[in-house]
Amino acid sequence: PDLKWEKTVQADVGIEFGFLNNRISAEVDFYSKKTDDLLLAVNIPGTTGYNSIVRNLGSMENKGVEVLINTRNIETRDFRWTTSFNLGYNKNKVTNIQGQIITSGVQRAVEGQPIGAFFLQRFVGADPATGEAVYLDIDGKETSTYSNANRVVVGKSAPDFTGGFTNTFTYKGFDLNVFFTFAKGNDVYNGGGIYMAAGFGGGLDNQTTEILDRWQQPGDITRIPKVNLFYPTGQNASSRWIYDGSYIRLRNVTLGYTLPARVSNVLKISSARFFVTGMNLWITTKYPGDPEVNTATLGNIAGGQDFYSIPQPRSITAGINIKL
């Protein structure tokens, strides 16, 4: 009975304009949103029998700009080429949670930071003398003792920029649509890394190729700690498993051909269009997996967490649309 709806106040201002008889047209929108009475799972003492309780607590703001540009690049009797580009920038910040510590696994709501900031021990590499994993303590000094490492904000799951880029071509009966999407400024936490790139101490999972660069003897300079069978080092949750999740993906390509009207009339149909569509044909990213992922489904502050997620499938579909 104490819970209530979150409240959001939003201000928007935008402008639309065009040039060259609208061969180039655009929309630019600015917005500012402030949300109060956030519904968050607030931590409570475990002696109550529970770890958290949902309460209306604190406030958050989102500020950003959205841009849409449409162009008619070429227009002739037989050939047409149009382009559409959209870009969104958003800055998210938790402005007040009344000093609470609200955690969802490796992420937190932290005042002055984006919602769901990754809050982890900062990993700095392997000790050249021993091969042990090295972290930073509260004083910024290196330590090989994980319990002495200090948790800090090491990344965020929400991107700074998102957008899409579409080109459409038509030539007589042929049509081609090419659609890219992208994101920039987001991080991904690879929760499976502690099993796939830290030796076999945490299980018998196949190891990623990065352990080929592991520390092997005193004097080795590498970011990858030594590999132990029973007492792994560097396996704990830390910034070691934070990756840049920025990407550009070729989301969709569709090639079609529509039969001429004279052929459709002979076949006694209104129209017929043959097409081939490819989904997720290409991606470039620094993340060693699919960056469009979130396997953390509990709570409302978690995002950008990966735990053995299946990548989005690459598919090719062919078909025909017939109108009688």
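Which residues form a negative surface patch? In this structure, which is a predicted model, the patch is formed by Asp12, Glu16, Glu27, Asp29 and Glu66. Two strands, β1 (7-19) and β2 (24-36), each supply at least two residues of that patch. Take Asp12 as one example. Asp12 sits in strand β1, and with a relative accessible area of 54% Asp12 is exposed.

Strand β1 gives the largest share of the nonpolar patch, 3 residues. Leu20 belongs to the loop between β1 and β2. Is Leu20 buried or exposed? Leu20 has a relative accessible area of 64%, so Leu20 is exposed.

Now to the salt bridges. Side chains of opposite charge can pair when their charged atoms come close. How many salt bridges does the structure hold? The count is 13. I will go through three of them.

In one, Arg77 pairs with Asp78, and their closest N and O atoms are 3.8 Å apart. Arg77 counts as exposed at 78% relative accessibility, while Asp78, at 29%, counts as partly exposed.

In another, Arg273 pairs with Asp175, with the closest N and O atoms 2.7 Å apart. Arg273 is partly exposed, at 23% relative accessible area. Asp175 has 18% relative accessibility, and because the cut-off for buried is under 20%, Asp175 counts as buried.

Arg251 is buried, with a relative accessible area of 16%, whereas Glu292 counts as partly exposed at 29%. Both belong to a network of salt bridges that links Arg249, Arg251, Asp290 and Glu292.

Where does Ala129 lie? Ala129 is in the loop between β10 (123-126) and β11 (133-136). Leaving aside residues up to four places away in sequence, Ala129 touches Trp215 and Pro218. From Ala129 to Ala158 there are 29 residues in sequence and 38 Å in space, C-alpha to C-alpha.

Definitions and conventions
Residues are numbered from 1 along each chain as its sequence is written. This is a predicted model: local features need pLDDT of at least 70, side-chain atom pairs count only at pLDDT 80 or more; totals for chains, interfaces and linings use all residues. Side-chain values use heavy atoms; hydrogens and water are left out. Patches are made of residues with over 30% relative accessible area and no salt bridge: like charges are joined within 9 Å, nonpolar side chains (Val, Leu, Ile, Met, Phe, Trp, Tyr) within 5 Å. Accessible areas come from the Shrake-Rupley method with a 1.4 Å probe; for residues, only the protein chains shown count as cover. A salt bridge is a side-chain nitrogen of Lys or Arg within 4 Å of a carboxyl oxygen of Asp or Glu. Lys and Arg count as positive and Asp and Glu as negative; His and the chain ends are not counted. The place of a charge is taken as NZ of Lys, CZ of Arg, CG of Asp or CD of Glu. Helices (H or I, at least four residues) and strands (E, at least two) are DSSP runs, numbered from the N terminus. Buried means under 20% relative accessible area, exposed over 50%, partly exposed in between (1.4 Å probe, protein chains only). Contact means heavy atoms within 4.5 Å.
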